[in-house]
Structure formats: C-alpha cells, structure tokens
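Please consult the sequence and the structure shown below alongside the text.

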Amino acid sequence: MANERKTSASSNSASSNSASSNGPLPDGMPESLDGVVDQVFAALSTSRENFAPQLLLREVGTVTSVLTGIATVDGLPNVGYEELLKFPGNVFGIAFNIDESEIGVILLGDYWHLKAGDRVERTGRVMDVAVGDYLLGRVIDPLGRALDDKEIEHTSERMPIERPAAAIMDRSPVTVPLQTGLKVIDALIPIGRGQRELILGDRQTGKSTIAIDTIISQRGQNVVCIYCAIGQRASTVGRNIAIMREKGAMDYTVVVVTEGDAPPGLAYIAPYAATSIAEYFMNAGRDVLIVYDDLTQHARSYRELSLLLRRPPGREAFPGDIFYIHSRLLERATRMCPEFGGGSLTALPIIETEAQDIAAYIPTNLISITDGQIYLSPTLFELGMLPAIDVGKSVSRVGGKAQLPAYRAVASDLKLAYAQFEELETFARFGASLDASTRKIIEHGQRIRSCLKQPEFSPLSVAEQIIVLLALIAGLFDAIAIARMTEAQKIVQESAAKIPADVIDRLLHAKNLSTEDRAAIVQIARQALADFKS
Ligand SMILES: Nc1ncnc2c1ncn2[C@@H]1O[C@H](COP(=O)(O)OP(=O)(O)O)[C@@H](O)[C@H]1O
Ligand SMILES: [Mg+2]
C-alpha cells in the first residue's frame, strides 16, 4: 500500500510540473497525458502483484461474565486445556473449565477493569515462568515480576509451571541428609535430600520458623532454597525475608510470594511456578530445598476458584480433585539419577490445622502424599518447649537411611529414653512417690527435653549438635541442675570448636562413628562441663 501511494504521489507532482513549466521534458517523462496514466496504472499493478498478504490467524473470543478472579468466555472453539489467554490490559488467564458453550478462565492479575464484551485472545501456549540463576536473592510473584526494589531483567529461558514429575527409573534413592540445624529434627526425625516432609500444626506454633531455620542452616551447604509464601500477611512475609537477609540466606534463596489480597488464581499457580524454578536448579545437578508456606491457603484458593466455576463441592466443600492438585505438585520432589545430573528437590510443605485436628481433609491428604510429618503442638508451645515438636506424632519415613552415622549412634537411645520419660512423667504429675530408678529416668528425660529446646533462627552445625547429644546420652548433664541446663548446654555446644578437624571430617563422611572418636568427643564435653561446674 505504502509503495502504491508513493508512486501515485510522485507521478502527480510530475504531471503538475509538466503542466506549469513549458521547458523541455525531463528524461523518461511520457509525452502525453495517456502516457502518464499508463505509467501510473503499470506501477499500480506491479505493486499489487508484489503484495503478498500474510495471514495471521487469531482466534478472538468475548468475555461473557467476570466474577472474583474468574471470567467466562464465549468463542475460542479450539482452545486447549490450561492454555494461556490474553485479556485487555495485559491480564492473562488460564482456560480451566472447557465446556461446549463457554470457557471458565482463572485470572492471573488485576481484573477490575475487565467487563462483559471484552475481547480475549488465544496465545497457543501454557503458563510458564522465567527461570535462571539471576533469580537468586530476589523476591518475585508467580508471574516473575519483581516485588523487591530492583528491576528484574528476565532471560529468554522459561519453563512451563506444570511439568510431569520425573519418571521412576530416572530417580535415585535418598541417601544424603538435609541438615535442618535443629537437634530434635536432625536426631529424631531426620530429613534426606529429595524427601517430602510435611510440617503441620495450629496457627502460631512455629511452623514457618522451622522452615526458615532450615533455609538459614543451608548456608555453605551448596543447597539452593526456594521459599514460596502463599496467601500470608505481607508483614509476616516481610519479617521472614528480613531475617533471611540478615542471616545471609538470601544469597542462595529465591522467594516467590502471593499476598493475601492477590487474585485466587495467582495463589493457585504460585507453588507450581516456584517448583519449576526449583526444577531448573535441580536439572542443573544442584540440591534444592523448597518450602510451601502454606498449602492450606493454596487449597482454599483452589476451593474458591472451583466453587465459582460451579464444580461440585465434596468433603469440607473442597472439589474432588484437590488430592490430585497436591499430589502432582509433591510428586515433583525427588532425587535424580547420576545420569540426569544427580540433583535433588526436597519439599517441606506446611499445613495449618484447626484445633489440632490432624484428621481433617487436607491434612490427611497431605500426610498420605508425603514421606512423613513434623507435628507441632500448641500445648508444648505454651509450655515454652520450643520448637514445639511433638516427637510422638512426628515421623520421617526415608530420612533415617540418609542420617549421618553419628546421629544414628545416639538416636535410638534418645528416642527410647524420651518415650519412657514422657510415659512416666504423667504419673509423676499425680505426686506418686517414685522409686530411685524411676526418678532417674525422669530426671534424665527432663535433661533430654531441655537439650532438644532451641531458640529460633540459630541452627547448629553437625559438630555442635553431636557433642551435645553424645554428652546427653553419656549422662554428663544428669548432675546439672535443671535451672542451669541452658547455660551448661551452651558451654558444651561451644566446646565443639575444640573437636579436631579430622574427627569432624569423619563425623561428616565416615561410615561409622568409631569408639575412639566417640570417646574423644565425650571427653571434650566432660572437660567443658568440669570447668563449668567448678
Ligand atoms: N524455637 C523458637 N524459639 C522462640 N520463639 C519461637 C520459636 N519458634 C517459633 N517462635 C515464635 O513463635 C511465633 C509463631 O511462629 P511462626 O513460625 O510464625 O508460627 P506459624 O508459622 O506456625 O504460624 C513467632 O513469633 C516466633 O517468633
Ligand atoms: Mg507461618
């Protein structure tokens, strides 16, 4: 078109030129008016012949209604399940309910400006997320937009947010421990790299704190961490990020956040997007830890969307496929075979229970999907037994195989002594007169309980944990008054600095804890306590 116009314009000016001047005609100028017309038509027809229209097929539908976080769309007969659709104002949505007559779409952004009659376009692709090393240290939303103060420049590498989990034959058994830095977990409920361990408990029992502690503890362990906050208060998330930053944990961490007031669609896709980012690192052969804080909020967003899409509600009004929603997410956690880089993805999903009801629908689902659970008790929390982990209700099904041998040497003694103590403690509370051996079990148990306490955001190294645990099992603390236990424990913990480097190396890498090493460590603790007592 542009060409045509130019030709006709120039011939116009040429003809007006020839009319106004009587001088000789310039070269190539036709003699007569007929000649001019012929030339113009010739030019027109060549440019018409050269013009090849490029057809860009765009399917366009129309919005028929907009609800909270949901739109229904008419048209788009060829749309695929979970295809990304584009709405006006750069809002995207996922085609979620495809009926013969209409499509139910989950909206992924601010939708207040959308109205019935708006145009909707297909994109021909599914929802994906930008991935890369440059995300480390950043706080983003599930669409990859920066939520911290700096701009983010995405590279071209993207991964779909929903990916099939690794095939069984591509997976390896869990053999390497993921140290949480919390004595009670590393000794009694050990977690391995590639495992899925549920953290559950009522609100305000210290669930998020355990997860943040675990992330802080990965410093220098060559583990990439992803913290995915779903539907939490912005102030809580801000506090957690500030702590991770202060402890230097943001260097190896990506934070993916949807706030409480975000459209439910964003909360729904958040854990999937975060998992794809995690898989990017796992596929590069790295060990990755992902925390979903929490999946109760995720399940609620999904219930909200499903009810709006008029899917039939089931137990506790959750739609029938809620189990599948979480299982296909957690199935992606695994350890890969060496042929596939040997990376791993450890998942710590968090669930909030109501009134300690761990038999509710979502908790039972997740307990059955994961490889174990850490249960936090509000009663222990009130007693100041922090972290408030109820050892009796907590279990780790695969972590034991990955546990360091030094822990294994103390774990069974510790578990038995602690279980005996908890049983006897109930009787002791009734003021029964106790014989000497019972009193001894109770007093030892009280010291175990004291040693398993740990303040928040201060994870311990393996050596620090082992020296305290070995001293405990050897009965070194039994002579210390309960009131002075915290202090005594601190002294022993600090004396870990005196353990020779070769012994520490064997703690981390040897197949067994040798009798000599054990004796050497206990001796260091005994020395430290002797100075303390005197
Ligand atoms: N080990 C601990 N020592 C001291 N305070 C703790 C400990 N664990 C948790 N807390 C405190 O308990 C409160 C609730 O913890 P949080 O992790 O936010 O609970 P939840 O995620 O279960 O709601 C927070 O104020 C936190 O500082
Ligand atoms: Mg929390």
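The points that follow are grouped by topic.

The model is a predicted one. Ligand 1 is surrounded by 13 residues and lies between domain 3 and domain 4, because both domains give residues to its shell. Helix H4 gives the most to that shell, and valine 254, treated last, is placed in strand S12.

**Ligand 1 and its shell**
- The closest of the 13 residues around ligand 1 are Gly206, Lys207, Ser208, Thr209 and Leu386.
- By class, seven residues of the shell are polar, three are nonpolar and three are charged.
- Domain 3 comprises 130-147 + 164-396, and domain 4 comprises 406-533; both contribute to the shell, so ligand 1 lies between them.

**Helix H4**
- Helix H4 covers residues 207-217 and is mostly covered, with 11 of its 11 residues buried.
- Three residues of H4 belong to the shell around ligand 1, the most that it receives.
- The buried residues of H4 include the charged Lys207 and Asp213, and also Ile210, Ile212, Ile215 and Ile216.

**Valine 254**
- Valine 254 sits in strand S12, which spans residues 253-259.
- Valine 254 counts as buried because it has 26 C-beta neighbours inside 10 Å, and the cut-off for a buried residue is 20 or more.
- Leaving aside residues up to four places away in sequence, valine 254 touches Leu135, Leu136, Arg138, Ile226 and Ile277.
- Leucine 188 is 66 residues from valine 254 in sequence, and the two lie 29 Å apart in space, C-alpha to C-alpha.

Conventions
Residues are numbered from 1 along each chain as its sequence is written. Chains are lettered from A and ligands numbered from 1 in the order in which they are written. This is a predicted model: local features need pLDDT of at least 70, side-chain atom pairs count only at pLDDT 80 or more; totals for chains, interfaces and linings use all residues. A residue is buried if 20 or more other C-beta atoms lie within 10 Å of its own, exposed if 12 or fewer, and partly exposed in between; C-beta atoms are placed from the backbone. Helices (H or I, at least four residues) and strands (E, at least two) are DSSP runs, numbered from the N terminus. A residue is near a molecule or strand if its C-beta atom, placed from the backbone, lies within 6 Å of it. Domain bounds come from an automatic or database domain assignment. Two residues are in contact if their C-beta atoms, placed from the backbone, lie within 7 Å.
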